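Subject: Structure handover

Hello,

Here is the structure I said I would pass on. My notes on it follow below.

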Amino acid sequence: MKIFLDTANLESIRTFNDMGLLDGITTNPSLMSKEGGNPKDAMEEITKIIKGDVSLEVVSTEYSGMMEEGKRLRKYGDNVVVKVPMTPDGLKACKSLSSEGIPVNVTLIFSPNQALLAAKSGARYVSPFIGRLDDIGQDGMHLIKEIKEIFSNYNFGTKILVASIRHPVHVVEAAKIGADVVTLPPAVLNKMLSHPLTKIGLENFLADWEKLKAGNPDIKI
Ligand code: G3P
């Protein structure tokens with residue numbers, strides 16, 4: 001399963017990329033707005049740092065605007081995937097951009113039928129938002145199971161990119177289902193890294209080493 005970071009925060013992107021954890025990045029207008037500044041600078045920098053797919057989202061809601069923005073976004077790099085919303089115009093833009101060789105991520109997917117239609121339109125990725133379904137009392141992960149079954153039945157090449165992930169258990173569940181990608185807020189990736197027993201174990205190792213050193217001050221590793 002691939003791991004993308006769901007952020008426009010350059011510091012987080014650099015930190016996790018240096019650990020070799022990132023296969024790609026997803027952004028959206030809300031994440032850009034959270035960072036402030038000029039989003040162009042962020043888009044330029046992110047596409048330079050990350051070799052894998054970087055999803056950059058259009059803000060037009062009609063077809064021609066999406067096409068113009070999609071082509072402009074693609075100029076930031078060959079690794080840019082144009083993100084369009086799951087609307088009739090979004091699917092039309094998905095079809096056209098994909099036919100021109102520009103990969104598309106269809107976002108704001110909340111039902112299996114929306115995922116099926118986005119795959120039919122040629123999307124490289126569909127982005128089902130599981131946390132937002134959980135928020136309204138539905139089972140977001142059930143949607144991932146349904147999409148996985150449908151895509152497997154018909155051998156769709158479209159990848160399932162699980163989005164709106166809120167905690168590490170979501171990641172384990174998505175991996176067990178066989179989702180292709182999870183896109184993680186930096187806070188969730190940080191939580192995945194740590195375990196209280198790792199912390200305690202390391203503290204004990206270091207304390208024992210200090211005891212050994214007390215009798216042999218010159219030892220070094
Ligand atoms: O990638 C989509 C994601 O950013 C949405 O997450 O937490 O706003 O539902 P959230």
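**Cores**

In the largest nonpolar core, which has 54 residues, Leu22, Val106 and Val162 touch the most other members. A nonpolar core here is a set of buried Ala, Val, Leu, Ile, Met, Phe, Trp, Tyr and Cys residues joined through side-chain atoms within 4.5 Å. Buried stands for under 20% relative accessible area, exposed for over 50%, and partly exposed for what lies in between (1.4 Å probe, protein chains only). The biggest contribution to this core, five residues, comes from helix 8 (residues 140-153). Helices (H or I, at least four residues) and strands (E, at least two) are DSSP runs, numbered from the N terminus. A second, separate core has five residues, among them Val81, Tyr125, Leu161 and Val181.

Before the rest, a note on the source: this is a predicted model, in which local features need pLDDT of at least 70 and side-chain atom pairs count only at pLDDT 80 or more, while totals for chains, interfaces and linings use all residues. Residues are numbered from 1 along each chain as its sequence is written, and side-chain values use heavy atoms, with hydrogens and water left out.

What does leucine 22 touch, not counting residues up to four places away in sequence? The list is Ile3, Leu5, Ile13, Phe16, Asn17, Ile50 and Leu189; contact means heavy atoms within 4.5 Å.

**Barrel**

Eight strands form a closed barrel in the order 1-2-3-4-5-6-7-8, with parallel pairing. On average, neighbouring strands of this sheet are turned by 30° against each other, direction ignored. Axes are lines fitted to C-alpha atoms, for helices over the stretch in contact, and angles run from 0 to 180 degrees between N-to-C directions. Two strands pair if DSSP finds at least two bridges between them. Strand 1 (residues 2-6) and strand 2 (residues 24-26) run parallel and are joined by three bridges. Aspartate 6 stands opposite threonine 26 in strand 2. Helix 4 (residues 63-74) packs on the sheet, where it touches strand 3 and strand 4 (80-85), and its direction makes about 155° with that of strand 4.

Valine 54 lies in strand 3 (residues 53-57) and is buried, with a relative accessible area of 0%. Beyond its neighbours within four places in sequence, valine 54 is in contact with Ile25, Ile46, Thr47, Asn79, Val80 and Val81. Lysine 83 is in strand 4 and also counts as buried, at 3% relative accessibility. With neighbours within four places again left aside, the contacts of lysine 83 include Thr26, Ser55, Glu57, Asn105 and Thr107.

**Helix 5**

In helix 5 (residues 88-99), Gly90, Leu91, Ala93, Cys94, Ser96 and Leu97 are buried. What covers the buried residues of this helix includes helix 4, strand 4, strand 5 (104-109) and helix 6 (112-120). Glycine 101 follows helix 5 and has a positive phi, near 85°.

**Aromatic pairs**

The structure holds four aromatic pairs. Rings of Phe, Tyr and Trp (its six-membered ring) pair if their centres lie within 6.5 Å; planes under 30 degrees apart count as stacked, over 60 as edge-to-face and the rest as tilted. Phenylalanine 4 and tyrosine 125 form an edge-to-face pair, 5.8 Å centre to centre with 75° between the planes. Phenylalanine 4 is in strand 1 and tyrosine 125 in strand 6 (residues 125-128), 121 residues apart. Both residues, phenylalanine 4 and tyrosine 125, are buried.

Regards

Methods:
Expected span 1.5 Å × (residues − 1).
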